[in-house]
Amino acid sequence: NAASKGTYEFYMLKEIDEQPSVMRKISQTYFDENDDVKVDPKIIDSISKADRIYIYAAGTSYHAGLVGKTMLEHYTGIPTEVGLASEAGYHFPMMSKNPFFIFLTQSGETADSRVVLKEVNKRNIPSLTITNVEGSTLSREADYTMLLEAGPEIAVASTKAYTAQIAVQAVLAKALGEALNKAEAKDWNLKHDLAIAAEGMQQLVDSKESLKEIADKYLIKSRNAFYIGRGIDYAVALEGALKLKEVSYIQTEGFAAAELKHGTISLIEKDTPVIALINDPATADLTRGNIQEVVSRGANVVTIAGKDFAREGDNVVLPTINYYMSALLTVVPAQLLAYYASKDKGLDVDKPRNLAKSVTVE
Ligand code: G6P
């Protein structure tokens, strides 16, 4: 059954490996037989009246929201904010005239998000929960639900729910953008992009051994590490850092690549691992410059770059994909690095100390 470990030693790797099939499942669920995107028209009708979208979430789901914001703004033209649920519950954000709230939550049970939804309901603001768990509390308490279709996620460190959240937000951006008559959305072949993502993920999980080598060589003996990137790569840098630190206990921070020179670069010493992500056409060359800055201070740089931006010596080259979908591929090597760093340190990959899969207290 879907929740069994099968031949895997840990759920985390099983769930990383399942991502290509999750992409296909999302494509089947949200496209009809004419390849048209298929989302409950009531949801689209409600959000299309919004002048601003507010995404609230915690942990990895918050990081998926950062990617969703970029997609929603590009394909729908609706300004979108993303926030931490735990911060908004007691310091409610300033509202536009016609707000619409999206809650991203794998479990649908996170207490911090529930507090925000309670306030949203009190104010009669329309809301959508995007969750993996049908009938979960946040699903029942919001006006609308979209399901992630990722299958049960057991490992505490979230992997396939993150990529599923990005894919489902893409579906929403496509359907909403089309309803709003946005050329960017109408011209977007999302079904094709999801197929590209699934194939690309498959290639990446099939070559996982190379990530094990990198983890063993650069990470497991290190006390700290950094992820850097710009644009969507910055959002993935935050998620890559969270993944690595939560399961390997290597203190890792994700930074906007250019911010290094505004302070963080003082933390770079000889052999400090810096994992650089390069998929953003607008800033790829600038990030290369930031890599030079840390190399000259002795960092061990691991480069994960999209094929169109790759240079000789890059450690991982990602298949070409639409920039707005690039997180779906960039995150996979980051997940694998975290997995191997944890496993090769002899840690309990699926159950890192002090963490819970779903946090139902504030
Ligand atoms: C916990 C988990 C994280 C997760 C976060 C939000 O802290 O350990 O992996 O990202 O909760 O959970 P949710 O179910 O709301 O996505």
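Two strands pair if DSSP finds at least two bridges between them. Helices (H or I, at least four residues) and strands (E, at least two) are themselves DSSP runs, numbered from the N terminus. What you have here is a predicted model, where local features need pLDDT of at least 70, side-chain atom pairs count only at pLDDT 80 or more, and totals for chains, interfaces and linings use all residues. Residue numbers start from 1 along each chain as its sequence is written.

**View 1. Strands S8 and S9 run side by side.** S8 (residues 273-278) and S9 (residues 300-306) are parallel, and six bridges join them. Look for Ile 278: its bridge partner in S9 is Ala 305. As a general point, strands of a sheet pair through backbone hydrogen bonds, either parallel or antiparallel.

**View 2. Step back to the open sheet.** Its five strands come in the order S7-S6-S8-S9-S10, with parallel pairing. S7 (251-256) and S10 (316-318) are the edge strands, so called because each pairs on one side only. Helix H13 (residues 284-295) lies across S6 (224-229), S8 and S9, and runs at about 170° to S8. Such angles run from 0 to 180 degrees between N-to-C directions, and axes are lines fitted to C-alpha atoms, for helices over the stretch in contact.

**View 3. Helices H12 and H14 meet.** The axes of H12 (residues 232-248) and H14 come within 8 Å and cross at roughly 15°. That makes H12 roughly parallel to H14 (angles under 35 degrees count as roughly parallel, over 145 as roughly antiparallel, 65 to 115 as roughly perpendicular and the rest as oblique). Residues in the contact include Val 236 and Leu 244 of H12, and Val 331 and Ala 338 of H14. Here, contact means that C-beta atoms, placed from the backbone, lie within 7 Å.

**View 4. H10 also meets H14.** The axes of H10 (residues 190-206) and H14 (residues 327-344) come within 9 Å and cross at roughly 15°. H10 and H14 are therefore roughly parallel to each other. Ala 197, Gly 200, Met 201, Leu 204 and Val 205 in H10 touch Leu 328, Leu 329, Val 332 and Pro 333 in H14.

**View 5. Strands S1 and S2 pair up elsewhere in the chain.** S1 (residues 52-57) and S2 (residues 80-84) pair in the parallel sense over five bridges. Tyr 54 stands opposite Glu 81 in S2.

Key
Two residues are in contact if their C-beta atoms, placed from the backbone, lie within 7 Å.
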